[in-house]
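Morning, everyone. Let me put the model up and then walk through it.

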Amino acid sequence: MSGAPILSYAQAASLALEEAMRADPRVVALGEDLGRGGVFGQYRGADGRTLAAAFGPDRVIDTPISEAAIMGAGVGMALAGLRPVVELRVVDFALCAIDELVNQAAKNRFMFGGQGRVPLVARMPIGIWTASAAQHSQSLEAWFAHVPGLVVLAPATPADNYGLLKSALAGDDPVAYLEHKELWNLQGEVPPGTAVKVGECRMAFDAGSDLTIVSWSRQVHVCVEAAEQLAAEGVHAQVIDLRSLWPWDREAVLARSAASGRLLVVHEAVQAAGFGAEIAATVAEHTGARVARLGAPRIPVGYAPALEAEARIGVDAVMRAARRLLAR
């Protein structure tokens, strides 16, 4: 144990934002229900106090239910010199604000010769949200990774939700910040003051070099559990938590995949056109490693538990995919 405080995933992000707001009066937050601490408690500290209580309504701004207005206001604030955190509740709702993010925030400094910058962090929780059905359970990270001008981050742990948000808040480009809807209560050590470098992966599990597994967000925890069970069978796998999707740690993934000779990319998003395809293609182009992908079927996430389960990638599915790749 390092002695670092134990915080939840939500509390870790709140702490990073609180520190940034205390250090820089230009940092503001806007979105729905922020005054009461956010729908997931991500604007409420470990002591229960809300950021709105600490900084007032001029810096923690409750907005109407209009994602286009929220994002548009955030882009305008950023261009005017502020550093806004735009809360869009869940990524599914961000589709109502896609023009402001993709056509305005992401492209401004390129289209105007660097005269304007958009240092905006858009918090858009991804992933399956139990019993919340198809319009509240999507993983759309590949959409944002496809857009030039956006940084795309997806933390899997409380420490990374603190450290990556610190780095996102310090940057000068718009960030698609993708927390997972079912990680908010996850507990873990959070070393204070530690930023996580954007574009640098994390070794989440390392039992050897029979197989390299790459994942991100909540699915990292599933992959680690699968790797632990594989180790008991004599299969020595390593799990890389990509955590930064754009830029991604291409060199580390290539090196580990070349050394093991086998790469399995696992993500919660639909497999078709998922970001795993980019990783798999890059590794196939630059190494002799055998590659495989594992993602969700191309179906909407169902509300009924049995239907929802069809869209989840569990430990057994990861282990089966690993065994198939090892048998090739």
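I'll take the sheet, then the cores, then a few single residues.

Ground rules before that. This is a predicted model, where local features need pLDDT of at least 70, side-chain atom pairs count only at pLDDT 80 or more, and totals for chains, interfaces and linings use all residues. Residues are numbered from 1 along each chain as its sequence is written, and side-chain values use heavy atoms, with hydrogens and water left out.

Now the sheet. Helices (H or I, at least four residues) and strands (E, at least two) are DSSP runs, numbered from the N terminus. Two strands pair if DSSP finds at least two bridges between them. On that basis we have an open sheet of five strands, in the order 9-11-10-13-14, with mixed pairing. Which strands stand at the edges? Strand 9, residues 202-206, and strand 14, residues 290-296. Each has a single partner strand, so one side of each is left without a neighbour in the sheet. Neighbouring strands are turned by 20 degrees against each other on average, direction ignored. For angles, axes are lines fitted to C-alpha atoms, for helices over the stretch in contact, and values run from 0 to 180 degrees between N-to-C directions.

Next, the pairings. As background, strands of a sheet pair through backbone hydrogen bonds, either parallel or antiparallel. Strand 10 (residues 211-215) and strand 13 (residues 262-270) pair in the parallel sense, over three bridges. There, V214 stands opposite V265. Helix 10, residues 250-260, packs on the sheet. Helix 10 touches strand 9, strand 10, strand 11 (237-241) and strand 13, and its direction makes about 150 degrees with that of strand 10. Contact here means heavy atoms within 4.5 Å.

Stay with strand 13. Strand 13 also runs parallel to strand 14, joined by six bridges. V266 stands opposite L294, and L263 has V291 as its bridge partner. Strand 13, helix 11 and strand 14 make a right-handed β-α-β unit. Right-handed means that, with the strands pointing away from the viewer, the path from the first strand over the helix to the second runs clockwise. Is strand 13 mostly covered or mostly open? Covered: seven of its nine residues are buried. Buried is under 20% relative accessible area, exposed is over 50%, and partly exposed is in between (1.4 Å probe, protein chains only).

On to the cores. A nonpolar core is a set of buried Ala, Val, Leu, Ile, Met, Phe, Trp, Tyr and Cys residues joined through side-chain atoms within 4.5 Å. The largest one has 44 residues. Those with the most contacts inside it are M71, M124, F144, F275 and I279. Several elements supply at least two residues each, including helix 3 (67-79), helix 10, strand 13 and helix 11 (275-286). Helix 3 gives the largest share, four residues. Apart from this core lies another, of 28 residues, among them L34, Y43, V175 and Y177. Back to M71 for a moment. Leaving aside neighbours within four places in sequence, M71 is in contact with V86, L88, A97, E100, L101, L120 and A122.

N108 is found in helix 6, residues 108-111. At 12% relative accessibility, N108 counts as buried. N108 touches L79, G116, R117 and V118, not counting residues up to four places away in sequence. The C-alpha atoms of N108 and G149 are separated by 8.6 Å, at 41 residues apart along the chain.

S260 lies in helix 10. S260 counts as buried too, at 9% relative accessibility. Its side chain reaches the backbone oxygen of S257 at 3.4 Å. Beyond four places in sequence, S260 is in contact with S209, D210, L211 and T212.

Last, backbone geometry. Most residues other than glycine have a negative phi, and most peptide bonds are trans. A cis peptide bond joins W246 and P247, with omega about 0 degrees. P247 lies in the loop between strand 12 (244-246) and helix 10. A133 has a positive phi, near 70 degrees. A133 sits in the loop between strand 5 (121-123) and helix 7, and is partly exposed at 22%. A273 has a positive phi of about 65 degrees. A273 is in the loop between strand 13 and helix 11, and is exposed, with a relative accessible area of 69%.

That's the tour.

Conventions: A polar contact is a pair of N or O atoms within 3.5 Å; within protein, one must be able to donate a hydrogen and the other to accept it, and residues adjacent in sequence count only if both atoms are side-chain atoms.
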